[in-house]
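Please look through the sequence and the 3D structure below before reading on. The paragraphs that follow go from one part of the chain to another.

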Amino acid sequence: MNVEFYSLGAAEEVTGSKHVLEIDGKSYLIDCGAFQGSRAEADRKNRDFGIAVDRIDGTILTHGHHDHCGLLPLLIKRGYKGNIFATPATRDIASLIMMDSANIQARDAMYLRSQAQKKGEKFDWTPLYNEQDAIQAVSQMVGVSYNRPMYIGDGISLEFHDAGHILGSAMASITVKKGGEELHILASGDLGRKGKPIIRDPAIPGGAPDYIILESTYGDRRHDSTDDAIEKLATLAKRTVQNKGRILIPSFAIERTQELVYYFHLLVDDGIIPEIPIFVDSPMATNATTIFQVHPECYSEEIKDAFIKHHKNPFGFNSLHFTTSVQESKALNDHKGPLIIISADGMCEAGRIQHHLIHNIQDPNTTILTVGYMAENTLGRRIRNREGEVKIHGQWFKLKAQVEEINAFSAHADYFEAVEWLKAMDTSRLKGIFLVHGEKKAQAFFKNYLAENGFPNTQIVQYGKTYEMG
Ligand SMILES: [Zn+2]
């Protein structure tokens, strides 16, 4: 058999995941994510797939994050007719994300066109895709539950295992059996962590992989402990009550928001913090929470216990509000007294969080709490770096708010956790590890760390370069 691997996105960077396994001339796409970053660069990268759509024989989607599923509708628009394999929860989350992206692009196009018209400039930007393309992408999805191996091609089977990253997230185990030969490839997708509050821990797949395609987002970092993080959440909430300020939390609508809600719920329940109004101000986060409620097959035992046996809703309590309309969102500007707003997008690149930042970033009683990864060249990264002035919607604002950071809620394994996961697996057949989804500095550190821990055959995957697997 002839098996090759190459990457068309998230090679030496963290967004726009697109990898291809070529098995005896048949191409299988693993994830089809959108690149996020500065508009011009993102646009250029997103419009150039690097592979002819009619050469793709099947698509595997590891999870519903935008940087993994966000270009599926463009794939469909360009004529892809094949299956997209995903877990049922991923299908629902990806549907939400792709529809949201189509809406954002339509709104952006309208806004940019009106701006250009005002200035008398020419305007020719068109969205990558529309809602119909997103709907078509959902209709081509085939649900594959965890631990249910399924043939996706001649002698090629796919099995999903828990990745412990977000609801529905999976690592993809691909087995190729041809002419008496057998090859096992494990694609980690985004590798999660043990002990997250809602979903199960990353699985240890059986089947002794020959090759592992491994993400490396936190290849050079260790996360803080969750206990310290919950304590910090409590401290910030108490400080905010005292100074009658507000906490703005740019958060991904999926998983992180539900986790924050769950942690605030615990803190209020245990009497550690007073009942401070918490607003989840993101229609997508509200919809995502509904998806969480209908996928108990993804829950950890702990939350199953709370949710199913005791009929206690872990995603809702008295002081928690979900805003839906724009009016409700705007009304938060006039809210008197302490307040916590959790709003998307997680990297502050779009969404209602930008309006809240515009209204509060120059107020020293505001705390901007970052709880997730901020890619280079994003507004979120500039805020986290405490740049003196930041540009939002074309206007400059002084950063006078306090900026705090909690790293413990990360949905990605750090280098130590990733190696612990590898060590727990049967690696007796392992011939090589391919690192994707990481910035260069993190990958260089991780490669060394892997070598020191018994995994010397590690390569940092370069964009477009072909690697032999069998
Ligand atoms: Zn992800």
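Phe-409 sits in the loop between strand S19 (402-405) and helix H13 (415-424). This is a predicted model, and in it Phe-409 has a relative accessible area of 3%. Residues under 20% count as buried, so Phe-409 is buried. Which residues is Phe-409 in contact with, leaving aside its neighbours within four places in sequence? They are Arg-193, Lys-196, Thr-226, Ala-229, Leu-233, Arg-256, Glu-259, Leu-260, Tyr-263 and Val-371. Phe-455 is 46 residues from Phe-409 in sequence, and the two C-alpha atoms are 27 Å apart in space.

Among the contacts of Phe-409 are Arg-256, Glu-259, Leu-260 and Tyr-263, and these residues are also listed among the buried residues of helix H7. Helix H7 covers residues 256-269. At 1.5 Å a residue its 14 residues should span 20 Å, and the end C-alpha atoms are 20 Å apart, which agrees. How many of the 14 residues of H7 are buried? Twelve are, and H7 is mostly covered. Besides the residues already named, the buried set includes Thr-257, Gln-258, Val-261, Tyr-262, Phe-264, His-265, Leu-267 and Val-268. Just after H7 comes Gly-271, with a positive phi of about 70 degrees.

The next helix to look at is H4. Helix H4 runs over residues 88-119 and has 32 residues. From its first C-alpha to its last it reaches 47 Å, close to the 46 Å expected at 1.5 Å a residue. The buried residues of H4 include Ala-89, Thr-90, Ile-93, Ala-94, Leu-96, Ile-97 and Met-98. Further along H4, Ser-101, Ala-102, Gln-105, Ala-109 and Ala-116 are buried too. What covers the buried residues of H4? The cover includes H2, helix H3 (72-77), strand S5 (84-86), helix H5 (131-139), strand S6 (141-143) and helix H8 (283-293). After H4 comes Gly-120, and its phi is positive, near 70 degrees.

Helix H5, part of the cover of H4, has buried residues of its own: Asp-133, Ala-134, Ala-137 and Val-138. Seen down the axis of H5, these buried residues fall within an arc of 140 degrees, so they line one face of the helix. The N-terminal end of H5 is capped by Asn-130, with a side-chain oxygen 3.1 Å from the backbone nitrogen of Gln-132.

The model also holds a zinc ion. Which residues coordinate the zinc ion? They are His-63 through NE2, His-65 through ND1, His-165 through NE2 and Asp-190 through OD, at 2.1 to 2.3 Å. The angles among the four donor atoms are 93 to 163 degrees, and the site is irregular. In sequence, the donor residues follow the spacing H-x1-H-x99-H-x24-D. His-65 lies in the loop between strand S4 (56-60) and helix H2 (66-69), and Asp-190 in the loop between strand S10 (181-187) and strand S11 (211-215), so the pair ties together parts that are 125 residues apart in sequence.

Ser-300 is in the loop between H8 and helix H9 (301-309). Its relative accessible area is 9%, and Ser-300 is buried. Not counting residues up to four places away in sequence, Ser-300 touches Pro-197, Ile-198, Ile-199 and Arg-200.

Thr-378 is in the loop between S16 and helix H12 (379-384). Thr-378 counts as buried, at 0% relative accessibility. Not counting residues up to four places away in sequence, Thr-378 touches Met-347 and Glu-349.

Gln-362 is in the loop between helix H11 (353-360) and strand S16 (366-370). With a relative accessible area of 37%, Gln-362 is partly exposed. Leaving aside neighbours within four places in sequence, Gln-362 is in contact with Phe-397, Lys-398 and Lys-400. The side chain of Gln-362 reaches the backbone nitrogen of Lys-398 at 3.0 Å. Glu-389 is 27 residues from Gln-362 in sequence, and the two are 9.8 Å apart in space, C-alpha to C-alpha.

Key: Residues numbered from 1 in each chain as written. Predicted model: local features only at pLDDT ≥ 70, side-chain atom pairs only at ≥ 80, totals over all residues. Heavy atoms only, no water. Donors = N, O, S within 2.8 Å, 3.2 Å for Na, K, Ca; no water. Tetrahedral: all angles 85-135°; square planar, octahedral: opposite > 155°, others 65-115°. Helix = DSSP H or I, 4+ residues; strand = E, 2+ residues; numbered from the N terminus. Expected span 1.5 Å × (residues − 1). Buried < 20%, exposed > 50% of the residue type's maximum accessible area, 1.4 Å probe, protein only. Contact = heavy atoms within 4.5 Å. Arc of directions from axis to C-beta. Polar contact = N/O pair within 3.5 Å; in protein donor to acceptor, adjacent residues only side chain to side chain.
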